[in-house]
Amino acid sequence: MATATAANKAQKVEKAYVYTWEGADKHGKRIKGESRAASLALVRADLRRQGINPLKVKKKASSVFSTKKKITPGDIAIFSRQLSTMMEAGVPLVQAFDIVGRGHNNPSMQDLILAIKADVEGGTALAEALSKHPLYFDDLFCNLVRAGEAAGVLENLLDKIATYKEKTESIKGKIKKALFYPAAVIIVAIVVTALIMIFVIPQFESLFSSFGGDLPAFTKLVVAISKWMSSYWWLLLIGIIGAIYAFAFAYKRSRKMRQSLDKLLLQVPVIGVIIHKATIARFSRTLATMFAAGVPLVEALESVAGATGNIIYSDAVMRMREDVATGQSLQLTMKQQQLFPHMVIQMVAIGEESGSLDHMLSKVADFFEEEVDNAVDALSSLMEPFIMVVIGTLVGSLVVAMYLPIFKMASVV
């Protein structure tokens with residue numbers, strides 16, 4: 001038993017490499033190709049099984065500058081969709097893993113899939129094999145796969161997981177897209193303003209000093225800021241970087257800070273509305289997916305809490321889980337949290353009474369996902385004039401500060 005365990009551990013950490021080979025087929029025709037395996041011997045054995053006589057096999061040299069791509073949620077969604085499609089077509093699970101893994105464009109994803117395949121080949125359940133990679137497969141994913149394995153409908157559950165991942169990432173992508181443009185423009189405007197303050201304003205200041213006379217108060221203020229930035233720009237840069245790092249460090253480790261920040265974001269005009277709707281959409285979509293998979297409501301709520309993306313809602317869902325465990329209805333516990341709109345609560349109540357809770361929650365998710373789309377479009381339209389005001393204020397203030405002395409000298413003349 002100990003020997004078998006050690007062998008399994010060795011198999012789990014076995015790394016796959018890319019090998020290039022040349023060989024001859026059954027008709028003596030020379031062919032070339034690439035194979036991915038843990039060792040050269042395995043490549044030769046695999047080629048012989050295919051009726052190819054391996055003549056040259058060598059490990060493919062990796063470029064010094066090559067870096068592995070990061071595994072994204074989109075990769076996980078595509079993997080789920082492909083695996084589901086192959087299982088529905090009757091392809092055995094291990095063979096499906098092999099086909100999906102070897103055909104993936106991302107080497108990191110290939111390694112991940114083939115590592116899971118090795119575990120499944122060794123007799124490990126798919127849910128357990130996935131749970132060994134929590135960075136890519138969270139509790140929600142593993143619980144749904146476990147439910148699919150138990151009910152014998154794994155391919156249907158994988159299809160639902162793919163749909164869930166795609167819709168969730170779509171919402172995140174739209175919100176990021178709406179915020180990226182204004183943030184990028186404002187950052188560029190601040191950088192340009194800083195460069196003007198450090199390199200351009202001092203030239204004007206030396207010019208004004210040669211004319212003699214007192215400068216207007218506003219111009220003196222801008223010149224003073226320019227002198228400070230010219231002397232201590234490095235200190236300002238270190239301070240900004242340090243503040244960002246300290247904020248990120250504290251946010252990850254302080255639950256109280258995350259609660260305060262998430263609560264504040266929910267109260268911000270326009271943005272808070274989008275976060276509310278996006279969170280409710282994720283809550284509804286996740287709970288609908290898990291409930292449709294046959295996961296018990298109490299267990300499903302625990303996974304849903306982590307998928308909401310907002311600690312205020314996450315804490316509320318965990319309180320709902322405790323109340324549901326004591327026998328209360330879901331719609332009553334949602335009403336007590338005072339976070340969910342009346343429409344959502346009523347849809348859940350109808351779903352509980354009619355026995356179609358997953359269907360009603362899916363309808364709620366569809367509605368709020370569309371609401372998020374509309375809100376993001378409105379935010380994009382609202383941010384454009386705001387950006388113009390910010391840029392106009394920054395640049396206009398500097399222009400006015402530099403022209404005030406000129407106007408003053410002109411009036412004296």
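Arg81, Asp159 and Glu166 are joined in a network of salt bridges (a side-chain nitrogen of Lys or Arg within 4 Å of a carboxyl oxygen of Asp or Glu). The model is predicted; local features need pLDDT of at least 70, side-chain atom pairs count only at pLDDT 80 or more, and totals for chains, interfaces and linings use all residues. Residues are numbered from 1 along each chain as its sequence is written, and side-chain values use heavy atoms, without hydrogens and water.

Arg81 belongs to helix H3 and Asp159 to helix H8, so the contact ties together parts 78 residues apart in sequence. Helices here are DSSP runs (H or I, at least four residues), numbered from the N terminus. Arg81 is partly exposed, at 25% relative accessible area. Asp159 is also partly exposed, at 29%. Buried means under 20% relative accessible area, exposed over 50%, and partly exposed in between (1.4 Å probe, protein chains only).

The whole structure holds ten salt bridges. In one of them, Glu369 meets Arg285, with the closest N and O atoms 3.0 Å apart. This pair links helix H16 (residues 357–412) to helix H11, across 84 residues. Both Glu369 and Arg285 are buried.

Another salt bridge joins Arg321 and Glu302, with the closest N and O atoms 3.6 Å apart. Arg321 lies in helix H13 (residues 311–325) and Glu302 in helix H12, 19 residues apart. Arg321 is partly exposed, with a relative accessible area of 23%. For Glu302, also partly exposed, the value is 45%.

Definitions and conventions. Helices (H or I, at least four residues) and strands (E, at least two) are DSSP runs, numbered from the N terminus.
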